[in-house]
Amino acid sequence: MKPFVIDSNGPPRPADKYDAPRYMADKSTVGFHVMIKPAGSACNLNCTYCFYLSKATLPNGPGLRNMSDETLELLIRSYIRDVTASDVVFTWQGGEPTLRGLDFFRKAVALQKKYAKPGQEILNDLQTNGTLIDEQWCRFLKKNDFLVGLSIDGPESLHDAFRKTKDGLPTFHKVLRAAGLLRRFGVPFNTLTSVNRMNAAYPLEVYRFLRKELGSTQIQFSPVVEPKGFELAAPRWKEGFPLPGKDERRARPQLPLPRAEGVLRACTAGSGENCCRSEAAADQEESVGLNPCR
Ligand code: SF4
């Protein structure tokens with residue numbers, strides 16, 4: 001007989017694959033990863049290639065609703081309960097999660113301490129566009145051992161080509177300031193670069209900027225996949241683009257192709273290794289329960 005799940009509200013329902021950790025918890029060590037979007041798809045920027053802003057109006061989509069205190073506590077309690085591996089990783093994403101302000105994150109850390117199981121390490125990642133990061137944020141992030149992912153697309157002209165405010169203003173200098181503050185306060189950070197039609201033509205410049213000027217120790221690349229404006233923003237590969245030589249790379253940058261293939265597979269076959277439907281990941285917003293990717 002198939003197991004049933006009783007959620008905090010609603011009638012019992014048949015368990016699906018996202019409930020698996022709950023049933024495996026007493027049989028083996030379970031590690032899984034939830035991406036949390038406490039501000040839904042709300043963001044203070046309006047990047048040309050953003051795939052997420054437009055999802056605000058989807059039925060049952062992320063909306064612009066903030067995660068309530070009740071959902072936050074339910075999420076933290078059940079996530080910590082169901083992960084039986086030694087680490088529980090909270091990944092705060094958006095939209096722009098810093099829009100929720102420091103008090104929200106203070107509450108989250110306090111709840112993590114309340115529900116932490118003995119011997120388990122609670123880790124926090126924060127993916128941010130960096131524009132709201134100030135000294136107060138840095139003090140909090142350092143004190144609570146957050147790892148920050150900073151979104152930046154390369155040197156000024158490449159970054160500002162697509163990453164703009166709602167008023168169409170450039171954001172590069174704000175992100176650069178955030179990187180400087182994170183370094184000054186000793187907050188570890190890595191970078192996430194959206195590979196697009198502009199910066200894909202300058203791989204060496206982007207790589208050197210991230211490594212040498214910004215001081216990023218872990219560099220992630222993610223291809224632009226938003227269909228709206230795809231022909232303007234999506235990356236294009238050209239034979240002969242220069243790549244960093246062996247002598248100057250300590251970590252080989254990940255090229256976007258395998259990821260792009262994964263995204264395509266997810267769109268066409270319904271599942272890919274980068275896809276939440278691969279059962280490796282899920283996300284949590286206020287509007288609905290656990291979601292596969294959108
Ligand atoms: S910062 Fe991220 S969420 Fe905000 S508009 Fe840009 S791509 Fe979208």
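Reader: What span should helix α2 have, going by its 14 residues?
Author: At 1.5 Å a residue, α2 (residues 69–82) should span 20 Å, and its end C-alpha atoms are 20 Å apart, which agrees. The expected span is 1.5 Å times one less than the number of residues. Helices here are DSSP runs of H or I with at least four residues, strands are E runs of at least two, and both are numbered from the N terminus. This is a predicted model, where local features need pLDDT of at least 70, side-chain atom pairs count only at pLDDT 80 or more, and totals for chains, interfaces and linings use all residues. Residues are numbered from 1 along each chain as its sequence is written.

Reader: Which residues of α2 are buried?
Author: L72, L75, I76 and Y79. Seen down the axis of α2, they fall within an arc of 95 degrees, so they line one face of the helix. Buried means 20 or more other C-beta atoms within 10 Å of the residue's own, exposed means 12 or fewer, and partly exposed is in between, with C-beta atoms placed from the backbone. The arc is taken over the directions from the helix axis to the C-beta atoms.

Reader: Why would spacing like that work?
Author: An α-helix has 3.6 residues a turn, so residues three or four places apart point the same way.

Reader: OK, and α4, which residues are buried there?
Author: W137, C138 and L141 are the buried residues of α4. They cover an arc of only 100 degrees around the axis, which puts them on the same side of α4. The face turned away from that buried side carries the exposed residues E135, Q136 and K143.

Reader: Switching to strands. How do β4 and β5 pair?
Author: β4 (residues 87–92) and β5 (residues 121–128) pair in the parallel sense over six bridges. Pairing needs at least two bridges found by DSSP between the two strands.

Reader: Now the loops. Where does D145 sit?
Author: D145 is in the loop between α4 and β6. Its phi is positive, about 55 degrees, although D145 is not a glycine. With 13 C-beta neighbours inside 10 Å, D145 counts as partly exposed.

Reader: Which residues does the cis peptide bond join?
Author: G94 and G95, with omega about 5 degrees. G95 is in the loop between β4 and α3.

Reader: Last one: what surrounds the ligand?
Author: C43, L45, N46, C47, C50, Y52, L53, G94, G95, E96, N129 and S151.

Reader: How many of the shell residues are nonpolar, polar or charged?
Author: Six are nonpolar, five polar and one charged. Ala, Val, Leu, Ile, Met, Phe, Trp, Tyr, Cys and Pro count as nonpolar, Asp, Glu, Lys and Arg as charged, and the others, Gly among them, as polar.

Methods. A residue is near a molecule or strand if its C-beta atom, placed from the backbone, lies within 6 Å of it.
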